[in-house]
Structure formats: C-alpha cells, structure tokens
Amino acid sequence: MTYKILFLDIDGTILQPNHSIEDSTKQAVLQVQAQGIETFLATGRPVHEIKEIGDELKISSFIGYNGALALYNGKQIFAEPMKEQTVHRLLEVAKKNQHEMVLYTDNANYFTSLAHPSVTEFIKAFRLRNNKVYQQDKANQVLGMTIIMNGENDQYSYSLEDGIHFSQVNVDGMRHCFDIIRNQVNKGVGIQLLLKELNIEKEQAIAFGDGMNDKEMLQAVGEGFAMGNAHEDLFQYADHKTTSVTDSGVYNGLKFLGLIKE
C-alpha cells in the first residue's frame with residue numbers, strides 16, 4: 001500500500017503528560033514527511049493554540065475543534081460553527097448545574113468564568129493562552145465546546161439533542177471534562193472531506209488517537225491506531241493498538257506499516 005496522508009491527535013498521542021514530544025515521534029514525522037506523506041494535526045484543541053506544536057513538527061495543516069475547521073498548508077478548507085440555539089441551550093444547563101464551560105472561536109477561548117478553580121486547572125492542564133470571559137454575541141462564532149463538570153457522572157444531568165454527544169477528555173485529572181461532539185461535524189467527517197479535496201483514498205490514510213473524540217477519525221482511515229494509553233472504549237474502533245505516548249507509540253505504529261527505517 002502507498003500511504004499518502006497521516007493524521008495525528010495531540011494530547012496523549014504526540015504530546016506527553018509533561019507537554020513534551022518524544023524524539024522518536026519527531027523522527028517518525030520527519031521520515032514520513034520525507035516520503036511525501038501529507039501530515040495533519042487533528043485535535044479537539046483550537047487551531048490558534050497549536051501553531052507552536054505544528055512548528056516543532058514542521059506541520060502546517062490542521063483539523064481543529066474536533067473537526068469543525070480544517071487548514072491545509074495554511075489555507076482554510078472548511079469551517080462549521082455550532083448552531084446558536086445549541087450553544088444557548090447547553091449554557092443554560094451548565095449554569096443550572098453549576099458547571100463551567102469553554103467555548104472556542106477561531107481566535108480565542110471563551111470561559112463562563114476565569115475565576116473558578118476548575119477553570120484555572122483546565123487552563124493549566126492544556127496551557128491555554130488566549131482566554132477571555134464569554135459574551136453572548138460570540139454564540140454564532142463557536143466552533144467547539146468543552147463542559148467542565150463537577151464529576152464524571154454529571155453528564156447524565158444533560159438531555160442532549162439529536163446529533164450531538166459527549167466525549168470524555170482522556171487526560172489525567174480532566175476526566176470530569178467532556179467535549180461536545182456533533183455527529184456530522186467531527187474528526188472523521190473532517191477527514192472524509194479532506195480526503196475528497198486532496199483526491200486520496202481512505203485506504204491510503206493513517207491516523208493515531210487516544211480519546212473517544214478520535215473514534216470517528218480511526219474509522220475514517222485505512223489504518224487506525226489506538227495508543228497504548230487510549231481510553232478503554234476506543235480500542236474496539238481501531239485497526240491496531242500501538243504502545244503508549246511515553247513509549248514511542250507513533251514511531252512503533254509507523255514502523256509496523258514499514259514507513260520507518262531505523
């Protein structure tokens with residue numbers, strides 16, 4: 001098989017718990033790029049927060065906001081903001097349950113509060129920089145949302161509308177946080193659109209992920225790898241299980257496909 005494109009999640013896939021990237025991962029990315037394989041970062045993070053990670057890996061193509069926006073070599077391919085009524089409805093339920101929320105636009109992270117300890121912890125965990133207090137006039141610009149709950153089971157206090165679901169954040173200490181995923185706007189759908197745009201077959205695509213927001217991504221490619229540290233429910237959606245993010249998971253997966261030379 002001639003592989004043409006690679007999609008890499010960030011947290012727990014290329015980025016270790018200490019926020020560093022293994023040298024083996026950097027080497028692996030350089031080797032596939034040298035073979036002409038297009039490489040994307042595909043993440044739930046906002047694109048404006050990941051440019052430095054892209055620079056470190058010499059990657060300038062991104063799927064951000066869990067599939068709501070894609071850039072190919074800096075050029076926007078698509079953008080799909082959330083419905084305003086969905087944003088308002090979720091904000092109302094979060095307020096009722098005393099949950100905090102972050103709403104991502106193309107240039108800032110809007111929190112329902114910047115003073116709450118859970119928000120401070122969230123910002124620290126993901127090293128977010130461009131943080132502001134949410135204003136209602138931003139509702140039509142929201143590309144993605146994360147709810148910061150009080151506990152993992154708090155998700156059951158929400159009655160979600162058809163077409164959206166929760167995805168638990170797979171980062172230590174952040175299991176009480178849930179991304180809002182749209183059935184028709186997610187990493188998998190984003191990949192399908194990009195493959196069509198770039199005239200690449202599904203079988204020629206590879207992806208690595210560790211969280212449940214990577215489920216659709218792993219199903220949208222020919223070779224889907226779940227990291228060894230992945231959420232326990234993700235493995236059933238992957239073609240392969242590789243080693244963990246701290247044990248050369250990306251390197252070993254690409255080596256398995258014959259794309260890495262020692």
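**Salt bridges across the chain**

Let's start with Glu52, which is exposed at 54% relative accessibility (exposed means over 50% relative accessible area, buried under 20%, and partly exposed in between, using a 1.4 Å probe and protein chains only). Before going further, keep in mind that this is a predicted model, where local features need pLDDT of at least 70, side-chain atom pairs count only at pLDDT 80 or more, and totals for chains, interfaces and linings use all residues. Residues are numbered from 1 along each chain as its sequence is written, and side-chain values use heavy atoms, with hydrogens and water left out.

So what does Glu52 pair with? Glu52 forms a salt bridge with Arg129, and their closest N and O atoms are 3.0 Å apart. A salt bridge here is a side-chain nitrogen of Lys or Arg within 4 Å of a carboxyl oxygen of Asp or Glu. In general, side chains of opposite charge can pair when their charged atoms come close.

Arg129 also meets the side chain of Glu49 in a salt bridge, at 3.4 Å from N to O. Glu49 sits in the loop between strand 2 (38-42) and helix 2 (51-57), while Arg129 sits in the loop between helix 4 (117-126) and strand 8 (131-133), so this pair ties together parts that are 80 residues apart in sequence. Helices (H or I, at least four residues) and strands (E, at least two) are DSSP runs, numbered from the N terminus. Buried or exposed, what is Glu49? With a relative accessibility of 6%, Glu49 counts as buried. Arg129 is partly exposed, at 47%. As for the bridge from Arg129 to Glu52, that one links distant parts of the chain too: Glu52 is in helix 2, and the two residues are 77 apart.

Now move along to another pair. Lys187 and Asp214 meet through their side chains in a salt bridge of 2.5 Å, N to O. Lys187 belongs to helix 5 (residues 187-198) and Asp214 to the loop between strand 12 (205-209) and helix 6 (215-219), so the pair ties together parts 27 residues apart in sequence. Lys187 is buried, its relative accessible area being 0%, and Asp214 is buried with a value of 0%. Asp9 comes into the picture here as well: salt bridges that share partners join Asp9, Lys187 and Asp214 into one network. How many salt bridges does a search of the whole structure find? The count is 6.

Finally, have a look at Thr2, in the segment before strand 1 (5-8). Thr2 counts as exposed, with 55% relative accessibility. From Thr2 to Tyr237 is 235 residues in sequence and 23 Å in space, C-alpha to C-alpha.
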